[in-house]
Amino acid sequence: EMIKLSEWGAESLGTPIKIIDPAQNKTWTEIFPKDDFSLFLYRLKTSKPEDPVVIERFKLNVRGESKWYKVIAKAMWSDGEKPEFDGAIGKIVDINDETEAMEYLEQKADTDSRTGLLNHNAAKSRISRILAANKDKRYALAIFDIDDFKKANDVYGHLFGDEVLEMTAGRIRENIRSTDIASRFGGDEFILFMEYKTTVKPLIDRIFKRLTGKYKDFNVGISMGVACAEYGET
């Protein structure tokens, strides 16, 4: 197998014009990760003569910079009763700016502006998808609010109340795993959605302790309830 690039394409990617055995070529696989390239090649070879165009988005490493590109190729098939794959022609298009802009808008739509955690709708949607796809796993949903939060607003002012919310969100982020879902549901109410293996109590106890304590002159306490999916453990 061989890839032949245009002079402009080779210069842009920093590669030779001809790349022999690209799936094993170190220069090429540093640009186009081996697994991603193999997937794209598979899609080309399993396309059909009546539908030969394959379009995918990949993150490529071009001249030391990782960016999003759209890879578009058209498979060529031999004539005959049983057409055989005979190569492909295509192009690579830089879509990094538009992809990052879209990701920013999606993230903004899913995020609570005050705390940076997920908002109510985004958390609900993600939790529903996880539960539907993983019926054999154990999950806990912890719902909690900040004790005497009205006092924080009334005595110290709303700006201080906002600081308490932001501080609480920061403590949540510092003490959960990357697979956990944390959300501000509104006001001073938060939720945590977490997978657990055998018992949820040690996990909840640890997070509960990390979320409570003094913030300036305000004693941050929380009231929490926990429900466990499927197994009924609390």
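Predicted model: local features only at pLDDT ≥ 70, side-chain atom pairs only at ≥ 80, totals over all residues.
Lys67 is buried, at a relative accessible area of 18%, where buried means under 20% relative accessible area, exposed over 50% and partly exposed in between, with a 1.4 Å probe and protein chains only. The residue belongs to strand 4, residues 65-77; helices (H or I, at least four residues) and strands (E, at least two) are DSSP runs, numbered from the N terminus.

Residues are numbered from 1 along each chain as its sequence is written, and side-chain values use heavy atoms, with hydrogens and water left out.

What does the side chain of Lys67 join in a polar contact of 3.0 Å? The partner is the side chain of Asp94. A polar contact is a pair of N or O atoms within 3.5 Å; within protein, one must be able to donate a hydrogen and the other to accept it, and residues adjacent in sequence count only if both atoms are side-chain atoms. Not counting residues up to four places away in sequence, Lys67 touches Phe58, Lys59, Leu60, Asp94 and Asn96, contact being heavy atoms within 4.5 Å.

I turn to the nonpolar cores. Such a core is a set of buried Ala, Val, Leu, Ile, Met, Phe, Trp, Tyr and Cys residues joined through side-chain atoms within 4.5 Å. The largest has 29 residues, and Ile146, Val164, Ile172 and Leu192 have the most contacts inside it. Elements that give two or more residues to this core include strand 6 (138-146), helix 6 (149-156), helix 7 (158-174) and strand 8 (189-196). Helix 7 gives the most, with 6 residues. Apart from this core lies another, of 22 residues, among them Ile19, Ile31, Phe58 and Trp77.

Next, the aromatic rings. The structure holds 12 aromatic pairs; rings of Phe, Tyr and Trp (its six-membered ring) pair if their centres lie within 6.5 Å, and planes under 30 degrees apart count as stacked, over 60 as edge-to-face and the rest as tilted. Tyr139 and Phe193 are stacked, because their ring centres are 5.0 Å apart and their planes at 15°. Since Tyr139 lies in strand 6 and Phe193 in strand 8, this pair ties together parts that are 54 residues apart in sequence. Phe160 lies in helix 7 and Tyr215 in strand 9 (residues 213-215), so parts 55 residues apart in sequence are tied together. Ring pairs also link Trp28, Phe32, Phe37, Phe40 and Phe58 into a cluster.

Finally, helix 6. Which of its residues are buried? They are Phe149, Ala152 and Asn153. Seen down the helix axis, these buried residues fall within an arc of 95°, so they line one face of helix 6; the arc is that of the directions from the helix axis to the C-beta atoms. The face turned away from the buried side carries the exposed residues Lys150, Asp154 and Val155. The buried residues of helix 6 pack against strand 6, helix 7 and strand 10. After helix 6 comes Gly157, whose phi is positive, near 105°.
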